[in-house]
Amino acid sequence: MPLEIPSDLHPDCVPLAFLLGTWAGAGVGGYPTIESFNFGQEVVFSYTPDKPFLKYESRSWLLDEDGNQVRPLAMESGYWRPQPRTEENGTAGTTRTQLEVVLAHPTGFSEIWVGEADGAKIELRTDVVARTETAKEYTAGHRLYGLVQGDLLWAFDMAAMGQSMQSHLSAQLKPVK
């Protein structure tokens, strides 16, 4: 099914149009400082007509072995700000969209991510992590997103709690119709 791009979507956001909508699914998490777990997640990408950013909201919840919701987990919200540019690759030019992502968390930290979208693949790294005095120690992150056979797959590596950068979360989200 071809992607319908809203006519009032800012031109800079067109390379990210595949993200628009609500996505839901499940994933797995773990880290040396915690026990492994399963989680459910809902992510919403929306836009404001003619503005050069996407709005982003994510919420997740702990799942038991049967897939039932146990309790809320993480939430984050922010803005994805595309900065298009064209890179030359030999004799053929390829378009890669530079991204700036600003996220806030109710647990006391905010992040600025930088990276790029290359088709339906997105790679981001933290540029800045700011945290309140009471927030847990978290120093850096790396995220991958990709559209694979109509599903949004993503993975998050982090450096936190005195640990080096390593796998923390991954999920497979399906579009909500």
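Buried means under 20% relative accessible area, exposed means over 50%, and partly exposed lies in between, using a 1.4 Å probe and protein chains only. Keep that rule at hand for the exercises below.

The model is predicted, so local features need pLDDT of at least 70 and side-chain atom pairs count only at pLDDT 80 or more, while totals for chains, interfaces and linings use all residues. Residues are numbered from 1 along each chain as its sequence is written, and side-chain values use heavy atoms, with hydrogens and water left out.

**Exercise 1. Find the neighbours of strand E9**

Task: Which strands pair with E9, and in which sense?

Step 1. Two strands pair if DSSP finds at least two bridges between them.

Step 2. Look at E8, residues 138-148: this strand pairs with E9 in the antiparallel sense over 10 bridges.

Step 3. Now turn to E10, residues 166-175: seven bridges join E9 to E10, and the two run antiparallel. Here Ala-155 stands opposite Ser-170 in E10.

Step 4. Finish with how covered E9 is. This strand spans residues 151-160, and seven of its 10 residues are buried.

**Exercise 2. Walk through the turns**

Task: Which residues take a positive phi in the hairpins on either side of E9?

Step 1. The hairpin of E8 and E9 has two residues between the strands, and Gln-149 takes a positive phi near 50° there.

Step 2. The hairpin of E9 and E10 has five residues between the strands, and in this one Met-161 has the positive phi, near 50°. Met-161 is not a glycine, and at 42% relative accessibility it counts as partly exposed.

Step 3. Compare another loop, the one between E2 and E3, where you will find Asp-50. Asp-50 is not a glycine either, yet its phi is positive, about 65°. At 54% relative accessibility, Asp-50 counts as exposed.

**Exercise 3. Follow strand E1**

Task: How many bridges join E1 to E2, and how many join E1 to E10?

Step 1. E1 covers residues 21-31 and pairs with E2 in the antiparallel sense over 10 bridges. A hairpin joins E1 to E2 through two residues, and Tyr-31 stands opposite Ile-34 in E2.

Step 2. E1 and E10 also run antiparallel, joined by seven bridges. The bridge partner of Val-28 in E10 is Ser-170, the residue that also stands opposite Ala-155.

**Exercise 4. Classify the aromatic pairs**

Task: Is the pair of Phe-39 and Trp-154 stacked, tilted or edge-to-face?

Step 1. A pair of aromatic rings is described by the distance of the centres and the angle of the planes. Rings of Phe, Tyr and Trp (its six-membered ring) pair if their centres lie within 6.5 Å; planes under 30 degrees apart count as stacked, over 60 as edge-to-face and the rest as tilted. By this rule the count comes to 11 aromatic pairs.

Step 2. The ring centres of Phe-39 and Trp-154 are 6.4 Å apart and their planes stand at 50°, so this pair is tilted. Phe-39 lies in E2 (residues 34-47) and Trp-154 in E9, so the pair ties together parts that are 115 residues apart in sequence. Phe-39 and Trp-154 are both buried.

Step 3. Tyr-138 counts as buried at 6% relative accessibility, and Phe-156 counts as buried at 8%.

Step 4. Ring pairs also build a cluster, with Phe-37, Phe-45 and Trp-80 among its members.

**Exercise 5. Examine Ser-58**

Task: Which side chain makes a polar contact with that of Ser-58?

Step 1. Locate Ser-58 in strand E3, residues 54-63. Ser-58 is buried, with a relative accessible area of 8%.

Step 2. A polar contact is a pair of N or O atoms within 3.5 Å; within protein, one must be able to donate a hydrogen and the other to accept it, and residues adjacent in sequence count only if both atoms are side-chain atoms. The partner is Gln-41, whose side chain is joined to that of Ser-58 by a polar contact of 2.8 Å.

Definitions and conventions. Helix = DSSP H or I, 4+ residues; strand = E, 2+ residues; numbered from the N terminus.
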